[in-house]
Amino acid sequence: MDSSQILSYTTFVYFGAFMAYLLGMVMNRAFLSRLGTYLSLLGIAAQTLAIILRWVESYEMGIGHAPLSNLYESLVFFSWTLMLLYLILEWRTKNRAFGTFVTPLVFLAMAYASFSPNISSQIQPLIPALKSNWLISHVITCFFGYAAFAMSFGVSIMYLLKRLDTAEKDNRFLRLIPSTAILDDLNYQMIVIGFLMLTLGIITGSVWAHSAWGTYWSWDPKETWSLITWLVYAAVIHTRLVRGWKGKKIAILSIVGFSCVLFTYFGVNYLAGLHSYAKK
Amino acid sequence: MKNTQSKNKPNAIWQFLSSVKLTIVLLILLAIVSIVGTVIPQEQGAVEFAKTLSPAMFRFLSTLQLFDMYNAPWFRLLIAFLALNLVVCSINRFPSTWKRFSAKPAPDRSKPFENDSMEDFLEVSVNGDKASKRVEKILRSNYKNVRQKTSDGNHYFYGDKGRFSYFGVYVVHLSVLLILVGGLVGSFFGFEAYVNILEGEKTDRVIIRKTMSPLDLGFEVRCDKFSVDFYKTGAPREFKSNLSFLVNGKAVRKNDLLVNHPVEFGGVTFYQASYGSVAGKEARLRIDKKSNKPVSSEKTVKNNISYPLPGSEGTYQVIDMRNDIMHLGPAVLISIQPKTGEPLEFWVFKNYDAVQKKLPPPMLTSPKFNPEAFSPYRFSLTGLETVYYTGLQANRDPGVPIVWAGCFLMVSGLFMTFFMSHKRVWVRVLTRRTKTRIEVAGTTNKNPVGLQSELHKLISSLKNEFGK
C-alpha cells in the first residue's frame, strides 16, 4: 500500500469524523461526538504515517525531498496542520462542538487533493529553484498560518450561529456551541497566531526568493495576494486593539480574511506567476 | 513637542493623520488596489494583454498607470501616506505609553488584593522582618523594579516584569518603516541586471533589466564550465557554472554558482538564473554528388572557412550556424562560390525530414531551404557543435540588510505585542499576633490566564522558601 492510497482512506475517515461530530451535536449524543474524536485521532495517525511514507518513497525513487512541493502535497499538509490545531483546541477547551465546524474543512481539503482530476498525486522531482531549506520553513509557516485562519473562520461561523441562540428558542444544537465570549476570544487568538505565522511565511518566502532569483519581492500574484491577506488581517487586528471592535464585526471580518486566504491558495493559480509549480 | 500642542489646540491635519480610522481605510484601500495589479498583467505580461484591448480601454488603463501599477507614483504615494499615518500615530500615542511604562505604583496599594482568591496567601511562623527579607530576595531574583515600603510593622512590596511589551507595537511600526526604507534604498542605489555568458568566454558588462542598457562591472566574469544534469523525465535536476572573476585580466577568485546559492563579487551578487545552448564553431557536413559515378564525402568544417567542392566546381563555406532556427532545430547557412555563375546561399537543416513536414509548401520549394539548390550536389548536416551559455542574474541591492533587519524586528515586535504582557505583582507581609501572613496579588494589561500562572509560580516559590 503506498502513501497516496492511505491518504485517500484518510479522507473517508475524516468524513466519518465530521459526520460523527455533526450527528453527535444534532442528536445530542455524547458518544457520537466522542466517536468523532476517535476517528479524528485515527485519521491524523494514518495521515502522519502516510506523509512520512511519502517522504521515504521519494528517496526510494532517487528524487528525495520533503513532501511539501506541489498542490497535492500542500493540501495534504494543510489538512494535517488544521486537524492538529483542532485536536489541540479540543483537548484544551474540552469542547467537541468545534469539530462540527472545523473537520468539514479538513475533509474538503483531503477530498480535493485525492479526487480532483486536475491534481496529480504522483511524487514529482524538484526543479532546482525549489531545492532549498527555505522551502520547508516557508511551507510550514504559511500552512500553520492558513490553518489558524481556517480555525478562526470556523469559530466565526459558530459565533454567528450562536447569536441566534435564545433562551426561549431552546435549540439543542445551538446550546452546545460555547458562549459568544469564549468564541470571540478564541477567534482573536487564532487571528493573532495566523497573522504571526503568515508574517513568518512571507518573510521566509522572501529570503528564499532572494537567494533563488535575487529579489525578495517581485509583486508576483501569489506574493501580492499574501500581502493583501496580511493587510486585511492587519486591519482586523487594528480594529480590535485600537478601536475595540468585538464579536459580530470581527467574525465577519475574519470570514472576509479567510476568503483572501482561499484566493491566495487557490484563486491565484488562475493568474500567471512564479508559483506555477504549486498548481499541479 | 507637537503632540502636546495638538492636545491643547487640536490641529485638524494632525488629528486626521493620527486617526486609526485612517490606518484601517488605508490598509483596506491598499489591499483593494493591489488586487487590480494581480488581475491586470504587469510590465512584460502587459504587452500581450494590451493587444487584446480596445484602444480606448488601453488609453484608460495606461493613463492610470495600471500596467506598471506597483511602481506607479500614486501607488507609492498611498504607501507613503500609510507610513506617515503610522509615524504620526506612534508619536501621538507615545506619551501615554511612556507613562504606563515608567509608572511606579505604590507598594502598599490595596486595590489589587480586593478580588483576591483565597489561595493566594500563606502563613509562616517566622517573624515579619525576617520573613520580609526572604520575600524580598525571591522578588528581586524574579522581578524588576522591586520596591518596598514598611509601615506599622507590615512590609509591602511591588515588582513587575514585561514592561517592555508596551513597546512591541512601536517595534512593529518601526519594522514596517525599515522595510519600506530598505525598498527605497534598493530602488535608488541598486540595480537588477542579467547577462548570458558562453562556456569558456568572459564579459565585463551586464544589461540592466529596467532600461535594457549595458552596465560596466569594473571586473570580468568568465564561465569556465557549465554543466547540467537531468532527471529521467528530462527536467533539469541541477545546473551550475564554474565562474572566475578577473580583475585587470587576472583571475582573483573562482566560484561554483548553483541555483539557490548566489555568489558575491565586487559588490554585485550573481545568481544562477537560466541556461541555454547555441551553435559553436564547427559543423559536420555530408556532401553527395549525383552523377554516373556518385561521390560522397563527410567532413568537419569550421565557420567562415572556404573548402573546395568534391568535384572542383567551386568552393563552399558555412557562414552561419544556428542551434535552433524557427523552432525547426539545428541548421547551417551554406554559401557556394561556383567557378561559373552566381554565388548561392541556402540553409541546410539537421532534421530535414521533420522540416519537410512542418514547413509550408511555398517555402519548401524556395531555393533558400533546398539542400539540393546547387545541383547536382546535396548537402546534409550530420552534426553541429553546441556550446552552453549560462544565464546569470547580477544584482546590487544595498537595501537588503535593512529589509532583513526590518523583518527580524517585525517578528520580534509581533511576539512582544501578542505574547508578552506587563505583569505587576504586589506582596504584603503582615505581622499577626502569632504568625506572619504573606499575601500575593497582581494585575496585567492583557493575558489574565498568564497572570494566574505567574502568581501560582510566585506562591509556590514562597512556599518552597518557607518550607511549606
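# Notebook: a predicted model of chains A and B

I began with Tyr352(B), which is partly exposed because 19 other C-beta atoms lie within 10 Å of its own; a residue counts as buried at 20 or more. The model I am reading is predicted. Tyr352(B) belongs to helix α9 of chain B, residues 352-358.

**Entry: backbone angles**

Most residues other than glycine have a negative phi. Asn28(A) has a phi near 60 degrees, a positive value, and is not a glycine. I found Asn28(A) in the loop that joins α1 (3-26) to α2 (30-60) in chain A. Asn28(A) has 13 C-beta neighbours inside 10 Å, so I noted it as partly exposed.

Chain B gave me Gln65(B). Its phi is positive, about 60 degrees, and it is not a glycine either. Gln65(B) sits in the loop between α5 (55-63) and α6 (73-102) of chain B. Is Gln65(B) buried or partly exposed? I wrote down partly exposed, because 14 other C-beta atoms lie within 10 Å.

**Entry: a helix pair in chain A**

I turned to α4 (residues 97-115) and α5 (residues 133-162) of chain A. Their axes come within 9 Å and cross at roughly 135 degrees. The pair is therefore oblique; an angle would have to be over 145 degrees to count as roughly antiparallel. The crossing of α4(A) and α5(A) is right-handed.

Which residues make the contact? From α4(A) I listed Phe98(A), Phe101(A), Val102(A) and Leu105(A). From α5(A) I listed Ala150(A), Met151(A), Gly154(A), Ile157(A) and Met158(A). By kind, the contact of α4(A) with α5(A) has 8 nonpolar residues, 1 polar and no charged.

**Entry: a helix pair in chain B**

The crossing of α8(B) and α11(B) is left-handed. I sorted the residues of this contact into 17 nonpolar, 9 polar and no charged.

**Entry: nonpolar cores**

In soluble globular proteins, nonpolar side chains tend to be buried together. I looked up the cores here. How many residues does the largest nonpolar core have? I noted 122, and Leu82(A), Ala147(A) and Leu231(A) have the most contacts inside it. Helix α7 of chain A, residues 180-213, gives this core its largest share, 18 residues.

I followed Leu231(A) across to the other chain. Leaving out residues up to four places away in sequence, Leu231(A) touches Leu27(B), Leu30(B) and Ala31(B). Another core lies apart from the largest one and has 21 residues. Among them are Val318(B), Met321(B), Ala331(B) and Phe349(B).

**Entry: where the chains meet**

Last, I looked up the contact of chain A with chain B. It takes 35 residues from chain A and 36 residues from chain B. On the side of chain A, the elements giving two or more residues are α7 and α8 (221-241). Which element gives the largest share of that side? I wrote down α8(A), with 11 residues. The side of chain A that touches chain B divides into 24 nonpolar residues, 9 polar and 2 charged.

How values were computed: Residues are numbered from 1 along each chain as its sequence is written. Chains are lettered from A and ligands numbered from 1 in the order in which they are written. This is a predicted model: local features need pLDDT of at least 70, side-chain atom pairs count only at pLDDT 80 or more; totals for chains, interfaces and linings use all residues. Axes are lines fitted to C-alpha atoms, for helices over the stretch in contact, and angles run from 0 to 180 degrees between N-to-C directions. Helices (H or I, at least four residues) and strands (E, at least two) are DSSP runs, numbered from the N terminus. Angles under 35 degrees count as roughly parallel, over 145 as roughly antiparallel, 65 to 115 as roughly perpendicular and the rest as oblique. A crossing is left-handed if the near helix is turned anticlockwise from the far one by less than a right angle, and right-handed if clockwise. Two residues are in contact if their C-beta atoms, placed from the backbone, lie within 7 Å. Ala, Val, Leu, Ile, Met, Phe, Trp, Tyr, Cys and Pro count as nonpolar, Asp, Glu, Lys and Arg as charged, and the others, Gly among them, as polar. A nonpolar core is a set of buried Ala, Val, Leu, Ile, Met, Phe, Trp, Tyr and Cys residues joined through C-beta atoms within 7 Å. A residue is buried if 20 or more other C-beta atoms lie within 10 Å of its own, exposed if 12 or fewer, and partly exposed in between; C-beta atoms are placed from the backbone.
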